[in-house]
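This briefing concerns a single protein model and is arranged by topic. Please consult the sequence and the structure alongside the notes that follow.

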Amino acid sequence: QVQLVESGGGLVQTGGSLRLSCAASGLPIISLTMGWFRQAPGKERELAGRISRGDSRTYYADSVKGRFTISRDNAKNTVYLQMNSLKPEDTGVYYCAASTSYLGSTYHYWGQGTQVTASS
């Protein structure tokens, strides 16, 4: 069983930065593809980006490409989402999730979510 705990959310001004953390337990994250999802009010949850197991290849949605960066610290078993140049449309609940498949076709484990609010 994998447990995921997110932290680092909060309120930030438009153009500001935040770094989210996702601490995992139960399995080493190097063996998992880790995704960061977000859900804005009244909208469906969407994938912001992922980092694949093994080679740590990253993928980003077009809406965050160039502004968000996903990384992992295997020693701490933690994945990070660095968010820069935040916009109001980045506001939402951010979730990390873990998948055993390389491309993250199905995410089996989810964190509880952390709120991010970007406001002018």
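**Strand pairing, salt bridges and a buried asparagine**

Strand β10 (residues 109–110) is joined to β9 by two bridges, and the two strands run antiparallel. The model is predicted.

- β9 is mostly covered, since seven of its eight residues are buried.

**Salt bridges**

- Four salt bridges are found when the whole structure is searched.
- One of them pairs K65 with D62, whose closest N and O atoms are 3.1 Å apart; both K65 and D62 are exposed.
- Another joins R38 to E46, with 2.7 Å between the closest N and O atoms.
- R38 is buried, at a relative accessible area of 7%, whereas E46 is partly exposed, at 35%.
- The side chains of D90 and R67 also form a salt bridge, at 2.7 Å from N to O.
- D90 belongs to the loop between β8 and β9 (92–99), and R67 to the loop between β6 (58–60) and β7, so this pair ties together parts that are 23 residues apart in sequence.
- Both D90 and R67 are buried.
- Through salt bridges that share partners, R38, E46, R67 and D90 are joined into one network.

- N77 is placed in the loop between β7 (68–73) and β8 (78–83).
- Because its relative accessible area is 15%, under the 20% cut-off, N77 counts as buried.
- A polar atom of the N77 side chain lies 3.0 Å from the backbone oxygen of L27.
- The backbone nitrogen of I29 lies 2.8 Å from a polar atom of the N77 side chain.
- When neighbours within four places in sequence are left aside, the residues in contact with N77 are C22, A23, A24, S25, L27, P28 and I29.

Technical notes: Residues are numbered from 1 along each chain as its sequence is written. This is a predicted model: local features need pLDDT of at least 70, side-chain atom pairs count only at pLDDT 80 or more; totals for chains, interfaces and linings use all residues. Side-chain values use heavy atoms; hydrogens and water are left out. Helices (H or I, at least four residues) and strands (E, at least two) are DSSP runs, numbered from the N terminus. Buried means under 20% relative accessible area, exposed over 50%, partly exposed in between (1.4 Å probe, protein chains only). A polar contact is a pair of N or O atoms within 3.5 Å; within protein, one must be able to donate a hydrogen and the other to accept it, and residues adjacent in sequence count only if both atoms are side-chain atoms. Contact means heavy atoms within 4.5 Å. Two strands pair if DSSP finds at least two bridges between them.
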